Amino acid sequence: MAAYIKGLFTDFKNFAVKGNMVDMAVGIILGAAFNGVVNSIVKDLIMPPISLLLAKINFSGLFFTLKNGADTPGPYPSVEAAQNAGAVILNLGSFLNNAISFLITAWAVFMLVKIISKIRTAQPAAPATKECPFCKSAININAVKCPNCTSQLQ
């Protein structure tokens with residue numbers, strides 16, 4: 001029984017500290033932090049100018065009442081008031097904020113992947129061949145004798 005538990009613990013340890021698992025955990029943590037930054041960009045930087053351009057519409061408060069609440073009939077001054085009254089609402093402003101947030105996040109991830117891909121491919125591979133100084137043919141970089149002209153290389 002002790003050997004089984006020890007083997008199980010060893011298997012779990014190997015699983016938990018694998019490179020992929022640690023990389024994934026770091027990615028999830030950074031993604032959560034990145035999500036907060038993107039939400040702030042959308043809410044605090046992007047939506048106010050858009051609202052200003054569109055006749056000062058506050059998107060976060062944009063909603064349509066589908067059914068009035070039983071306690072208080074509409075119109076309702078805010079989403080919170082409509083929800084507190086028990087009204088059925090279509091919260092378009094929240095959807096627009098979340099959709100814009102998603103698009104910005106997707107764009108940022110796309111750009112990040114594109115930059116990382118460019119960095120990875122920008123590093124030239126080490127040459128695998130060299131030119132024989134005597135016959136000018138391509139030979140292995142580690143060759144000490146040309147297989148074509150049999151000249152001794154330095």
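## An aromatic pair in a helix

In which helix do Trp107 and Phe110 both lie, and how many residues apart are they? The two share helix α4, which covers residues 92-122, and they sit 3 residues apart, about one turn of the helix. Keep in mind as you look around that this is a predicted model.

The structure holds 1 aromatic pair. Its partners are Trp107 and Phe110: their ring centres are 5.5 Å apart and their planes meet at 40°, so the pair is tilted. To count as stacked, the planes would have to be under 30 degrees apart, and to count as edge-to-face, over 60.

How open are these two residues? Trp107 counts as exposed because its relative accessibility is 55%. Phe110 has a relative accessibility of 43%, so Phe110 counts as partly exposed.

Now let's turn to the cores. The largest nonpolar core is made of 7 residues: Phe63, Tyr76, Val79, Ala82, Ala85, Ala87 and Ile89. There is also a second, separate core of 5 residues, with Cys132, Ile139, Ala143 and Cys146 among them.

Leaving out residues up to four places away in sequence, Ala85 touches Gly69, Ala70, Asp71, Thr72 and Tyr76.

## A buried serine in a loop

Where would you find Ser137? Look in the loop between β3 (129-131) and β4 (138-140). Is Ser137 buried or exposed? Its relative accessibility is 17%, so Ser137 counts as buried.

Apart from neighbours within four places in sequence, Ser137 is in contact with Lys130, Glu131, Cys132, Cys146 and Asn148. Cys132 and Cys146 also belong to the second core.

Key
Residues numbered from 1 in each chain as written. Predicted model: local features only at pLDDT ≥ 70, side-chain atom pairs only at ≥ 80, totals over all residues. Heavy atoms only, no water. Core = buried A, V, L, I, M, F, W, Y, C linked by side-chain atoms within 4.5 Å. Buried < 20%, exposed > 50% of the residue type's maximum accessible area, 1.4 Å probe, protein only. Contact = heavy atoms within 4.5 Å. Phe/Tyr/Trp six-rings, centres within 6.5 Å; stacked < 30°, edge-to-face > 60°. Helix = DSSP H or I, 4+ residues; strand = E, 2+ residues; numbered from the N terminus.
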